[in-house]
Protein chains: 2
Amino acid sequence: MSSLSERKARLIVHGDQPYNAEPPLGRLRASYRTSAENFYVRSHGDLPDLDLETWRIAIFGGAGVRQELSLHDLQTRFPEAVVTATMQCAGNRRADMRAVAPVSGDPWDAGAIATAAWTGVRLGDILREAGVADGADLHVAFESHDMVEGRPYGASIPLRKAMAPETLLAYAMNGEPLLPEHGYPVRAVVPGFAGVRSPKWLRRLTVQDHPSDNPIQAEDYKLFPPGVTAETADPTKGHTIDTMPLNAAICDPERGATLKAGRNRVRGYAVSGDRAIVRVDVSGNGGRSWTQADLEHEQDAPFAWTFWSVELYLAPGEHELAVRAWDMAGQTQPALPTDTWNHKGYLCTCWHRVRISVIDQNMSSLIPASNGPGGP
Amino acid sequence: MSSLSERKARLIVHGDQPYNAEPPLGRLRASYRTSAENFYVRSHGDLPDLDLETWRIAIFGGAGVRQELSLHDLQTRFPEAVVTATMQCAGNRRADMRAVAPVSGDPWDAGAIATAAWTGVRLGDILREAGVADGADLHVAFESHDMVEGRPYGASIPLRKAMAPETLLAYAMNGEPLLPEHGYPVRAVVPGFAGVRSPKWLRRLTVQDHPSDNPIQAEDYKLFPPGVTAETADPTKGHTIDTMPLNAAICDPERGATLKAGRNRVRGYAVSGDRAIVRVDVSGNGGRSWTQADLEHEQDAPFAWTFWSVELYLAPGEHELAVRAWDMAGQTQPALPTDTWNHKGYLCTCWHRVRISVIDQNMSSLIPASNGPGGP
């Protein structure tokens, strides 16, 4: 297995402490399931180094029930479940929003998203065994081993989502134990929700009548109107980001690429928190006209992204490629970063635009080799 | 009770044969539940005149089961259910899309939408009694008494939606029997779906392994990309419009109104097929800046619209008001009618814009009385 520093060297690193990184988009688009090495990393504190022998998760269920479970307990007392699902940071594509006006947070390109087959135990199975009833207006608060400004990381999800069959406590990713940076030994996987609600390095969970009071839940990851600033933001009035909105990105070619004139294949992903993608439109002229892409989606994976590709005829010159997706409710994305701008730079869902150069076939020896599909 | 012609005289009539009409927006916004007289009418054929004594609905369930139920059977054999839900035509706001480029169909303003408390029987109760199992990959095809180009009106919904607790066979609207133009004696009510999937004047329903082959289902009400024309449209490739997208409209003031300078209240609705509305932004300057509206939503009515209102300070001059809503997934509407344009003019979901004039207080005697809230 590669070392963390080797893996880090292959990613675009936004920060070391906490460690935040994403893969180049061409490499991300190369496979429907993302390898652990290419999977974006979003941390808020340190990367805990946990010992499987002593690791336990404490469950504070309904009616004061408290139990501690080892990984062995999870694996032997509950049926194993595998869910192929996409994880996405609420700040994915923040760089596009920051190009309009300053925002706080790391300037993620469109790679703060990835998909894996997660293996674990359904959280609902654990909660039901602990005596928690379906349907109650409650919340499941997670607490983790990573420390954020002197306090353990914490976040919560509504009980309804915790009980849904897609929500897991996962101990493997694409059939392998979690890597340290992805939450070893056990993380939550809450498909369709922003990544912040899928805490890594879990140490306890509590069923309670209110959302987590951890600052991650109570103050951060709130969507505010465009007129609100860091100074005027009232966290109790922002919208708590849970289910993720419709989004799409062009992964190949990447920004600034040089292509040969003629037919070129354009590839990318589209995603929605809880709705199927029904159409993806791709433009070779900044949105003046659109061509429909072919869609590729794994069966029985309603919480996984849709891959798309389309062949466009591109004449020599400068081009702005653009993509927009449509969900099963006939809803589509806004055109401009200003249309969803907010001071925290969350949920950048406008059309993704990629400027490229196209040169004559007979000048094609000038194209650098790194523009090939999938990247190095 | 008023006569049909009296009711017709109070609506904006787009056509007589078939009869299609909507209320003025100010009157629509005057109450959360829309009276039957103000409720838009969308017909595709005649308005059947049915006799309650002889009316029956034929149910073709699983495994060849066939039964006929009278209204009395429905009312005595199944529990009564009341669901407050919004009904909306897929062509609502088509006029805004037509302003960009020609589209087929009636030029609905933003009034092809309304909300009622529907009383009836859960369709799922009827189907389960007929031996239909939950979860199967089946469809429920409705057939009605109205004739459309020589054939009964027909449409279908997936069994999953037919079994959902919100889906009714309804015999009353706001506590009164259905009016003839709203489907007397019994209509389907499929909350969150386009109105076309809630057939009126029902005569039979069939559980089958494919969607209805009626042209209404198989050919019409499909969403196509902008490059597709009536000549090139392949119905098998369009997206079947079921769940309705996020939308919003300004109802008061209406377009062309003249207001007094100063603080003015702006009112409207926002709606989404199956997601809660979490925020509504209103602009007094065409979208350059936004103010958050107060939201009003009936409890326990997840399929009903959200009413909003906001006070804006308006200086003398010409103004373009605009509204955009945000759903619980943090998704918002595109800005321009071109962003969703299609040749059938379906699902016009761009920001709703209303041009008004604002005059000095001391010229206010010039404002016509008909600009008052709610209209005549």
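User: What rotation superposes chain B on chain A?

Analyst: This is a predicted model, where local features need pLDDT of at least 70, side-chain atom pairs count only at pLDDT 80 or more, and totals for chains, interfaces and linings use all residues. Residues are numbered from 1 along each chain as its sequence is written, chains are lettered from A in the order in which they are written, and side-chain values use heavy atoms, without hydrogens and water. The copies are superposed by least squares on C-alpha atoms of residues with pLDDT of at least 70 in both, giving an RMSD of 0.0 Å and 0.0 Å of shift along the axis. That is the relation of a two-fold axis, and the rotation is 180 degrees.

User: Which residue of chain B has the C-alpha nearest the axis?

Analyst: Happy to point you there. The C-alpha in question lies 2.0 Å from the axis. The residue is Pro334(B).

User: How many residues does the contact take from chain B?

Analyst: Contact means heavy atoms within 4.5 Å. The copies meet through the same surface, because 100% of the interface residues of chain B are also interface residues in chain A. Chain A gives 32 residues, and the number from chain B is 32.

User: Which residue forms a salt bridge with Asp274(A)?

Analyst: A salt bridge here is a side-chain nitrogen of Lys or Arg within 4 Å of a carboxyl oxygen of Asp or Glu. The rule finds two salt bridges across the interface of chain B and chain A. In the one with Asp274(A), the closest N and O atoms are 2.7 Å apart, and the partner is Arg275(B).
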